[in-house]
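Okay everyone, let me put the model up on the screen. We'll take the ligand, and then a pair of helices.

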Amino acid sequence: PPVIELDRVGRTYPGRVHALRGVSLRVRAGELLAVVGPSGSGKSTMLQLMGTLDRPTEGVVRLLGHDVARWGDRQLAAVRAKRIGFVFQQFLLTAHLTAAQNVATGLLYHGVGHAEQVRRSTEALERVGLGHRAAHRPAQLSGGEKQRVAIARALVSGPAVVLADEPTGALDSATGAGVLDLLRQLNDEGTTIVVITHDLGIAASLPRRVELLDGRVRHDSASASR
Ligand code: ADP
Ligand code: ADP
């Protein structure tokens, strides 16, 4: 099955705000996909639904073929921790933890012993080119390095998909380009990645683009090429 499937999904917030309407989309294993659209078009809402942080008010969200509606909140939290990695614009690292300890928080729900946590966190930091920064705290790292640590944290559990919300939004363009290159490299190595961005240049450089406008899919480069 697809990693994530949105089947005629709608999300209406209280106050009759139709953030998403009739959205159907499949994210397949191995894809690198950009979700683009202006502010208010529904990108964050879509990411929250894909990440099972929110539930649709219409339609079905499936994660690895399973209807998310069949899971209770606690079950869903466990599935989310194992299957989905999140990357945010503002990194969301914990200030008093080292880079390696921040990465290890991605394993909190995995029942992994301390030595194994250290081993996997070190390996994840090496994958993002930051093996030499393992003992640094966030304040000692540049913006690009912080985002790489956040990406390592998203990867450390071996998720089925990484969901990145404006991952370059807080970085200057050269640093942002480096982070994007890293995401491409991880995708080449097999990681499925969804990137939310309002930057059309970034979107144009990725293999598939889904454009949102007023809560609907206005264009999907994958369906256009079929
Ligand atoms: P984007 O990420 O593209 O900026 P959002 O998904 O954040 O779009 O928002 C889509 C629409 O839904 C906007 O009109 C926004 O104001 C509204 N919205 C988003 N989240 C909420 C919420 N929790 N409650 C009410 N309205 C919301
Ligand atoms: P972004 O620009 O990254 O989409 P937003 O400012 O749209 O960020 O949203 C930030 C957070 O606030 C999200 O969790 C979103 O769901 C929530 N949000 C957005 N619009 C509203 C709203 N009108 N009412 C309540 N919450 C909202």
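So, Gly-42: one of its backbone N or O atoms sits 3.0 Å from an oxygen atom of ligand 1. Ser-41 does something along those lines, with a backbone N or O atom 3.2 Å from a ligand 1 oxygen. And at Ser-44, a polar backbone atom is 2.7 Å from an oxygen of ligand 1. For polar contacts we take pairs of N or O atoms within 3.5 Å.

How much of ligand 1 does the protein cover? It covers 58% of the 560 Å² of accessible area that ligand 1 has on its own, going by Shrake-Rupley with a 1.4 Å probe.

Before I go on: this is a predicted model, where local features need pLDDT of at least 70 and side-chain atom pairs need 80 or more, while totals for chains, interfaces and linings use all residues. Residues are numbered from 1 along each chain as written, chains are lettered from A and ligands numbered from 1 in written order, and side-chain values use heavy atoms, leaving out hydrogens and water.

Now, who's around ligand 1, meaning a heavy atom within 4 Å? Among them are Tyr-13, Val-17, Pro-38 and Lys-43. The elements giving two or more residues are β2 (17–27) and α1 (43–50), and α1 gives the most, with 3.

Definitions and conventions. A residue is near a molecule or strand if one of its heavy atoms lies within 4 Å of it. A polar contact is a pair of N or O atoms within 3.5 Å; within protein, one must be able to donate a hydrogen and the other to accept it, and residues adjacent in sequence count only if both atoms are side-chain atoms. Helices (H or I, at least four residues) and strands (E, at least two) are DSSP runs, numbered from the N terminus.
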